[in-house]
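Work through the exercises below with the sequence and the 3D view open. Try each task before reading its solution.

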Amino acid sequence: MNDTQFVQSSITIHKGESITLVSTTFTPHIIANGTWDNGQAKAAKESGAPEVKSVQINGNSSGSIGPFTTAGTFKLYCTIHSGMNLTVIVQ
Ligand SMILES: [Cu+2]
């Protein structure tokens, strides 16, 4: 993650894996289930998604999210930065 975006907009993993989010700048991020849609923050947790409740990742640190135990497409977003979305595809 840089200041306001995920470096990649999606990531594909296998069932049972977690993802590691790395913040490479000083800006903190708070990650949750949901998505930014046209500038509106929409909290939503898909069935089968791990509960991601305000996971704070401070600047120049990293955090693990998961494991993702169900195949599917799951959306995460940063509650601070408008448009900061990540799609996790679990195969
Ligand atoms: Cu952020």
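This is a predicted model: local features need pLDDT of at least 70, side-chain atom pairs count only at pLDDT 80 or more; totals for chains, interfaces and linings use all residues.

**Exercise 1: A peptide bond**

Task: Find what form the peptide bond from G66 to P67 takes, and say where P67 is placed.

Solution. 
- Step 1. Omega for the bond from G66 to P67 is near 5°. The bond is cis.
- Step 2. P67 lies in the loop between strand 6 and strand 7 (72-78).

**Exercise 2: I65 and its surroundings**

Task: Locate I65 in the strand order, decide whether I65 is buried or exposed, and list its contacts beyond four places in sequence.

Solution. 
- Step 1. I65 is part of strand 6, which covers residues 62-65.
- Step 2. I65 has a relative accessible area of 3%. The cut-off for buried is under 20%, so I65 is buried.
- Step 3. With neighbours within four places in sequence set aside, I65 touches S18, I19, L21, I31, V52 and L76.
- Step 4. Take V52 from that list. V52 and I65 are 13 residues apart in sequence, and their C-alpha atoms are 7.2 Å apart in space.

**Exercise 3: V90 and its surroundings**

Task: Repeat the analysis for V90: which strand holds V90, and which residues does V90 contact?

Solution. 
- Step 1. Strand 8 (residues 85-90) contains V90.
- Step 2. The relative accessible area of V90 is 4%, so V90 is buried.
- Step 3. Apart from neighbours within four places in sequence, V90 is in contact with I13, H14, K15, F68, T70, A71, G72 and F74.
- Step 4. G66 is 24 residues from V90 in sequence. The C-alpha atoms of G66 and V90 are 11 Å apart.

**Exercise 4: The whole chain**

Task: Describe the protein by its strands, its size and its contacts.

Solution. 
- Step 1. The protein has eight strands and zero helices. Along the sequence the pattern reads β-β-β-β-β-β-β-β.
- Step 2. The radius of gyration is 12 Å, which agrees with the value near 12 Å for a compact globule of 91 residues. The C-alpha atoms fill a box of roughly 30 × 25 × 20 Å along the principal axes.
- Step 3. Of the 91 residues, 34% count as buried. The protein exposes about 4,900 Å², and carbon and sulfur atoms supply 49% of that area.
- Step 4. Among contacts with a separation of 6 or more, 69% join residues 24 or more positions apart.
- Step 5. The 5 positive and 5 negative charges have mean positions 8 Å apart.

**Exercise 5: A database record**

Task: State which residues the UniProt domain annotation covers, and describe that span in the model.

Solution. 
- Step 1. The unreviewed UniProt entry carries the annotation "domain: Blue (type 1) copper" for residues 2-91.
- Step 2. In the model, residues 2-91 are 46% strand and 0% helix. The end C-alpha atoms of this span lie 27 Å apart.

How values were computed: Residues are numbered from 1 along each chain as its sequence is written. Side-chain values use heavy atoms; hydrogens and water are left out. Helices (H or I, at least four residues) and strands (E, at least two) are DSSP runs, numbered from the N terminus. Buried means under 20% relative accessible area, exposed over 50%, partly exposed in between (1.4 Å probe, protein chains only). Contact means heavy atoms within 4.5 Å. UniProt positions are given in the numbering used here, feature names are shortened, and annotations may be inferred rather than shown by experiment. The radius of gyration is taken over C-alpha atoms; the globule rule is 2.2 Å times the number of residues to the power 0.38. Accessible areas come from the Shrake-Rupley method with a 1.4 Å probe; for residues, only the protein chains shown count as cover. Lys and Arg count as positive and Asp and Glu as negative; His and the chain ends are not counted. The place of a charge is taken as NZ of Lys, CZ of Arg, CG of Asp or CD of Glu.
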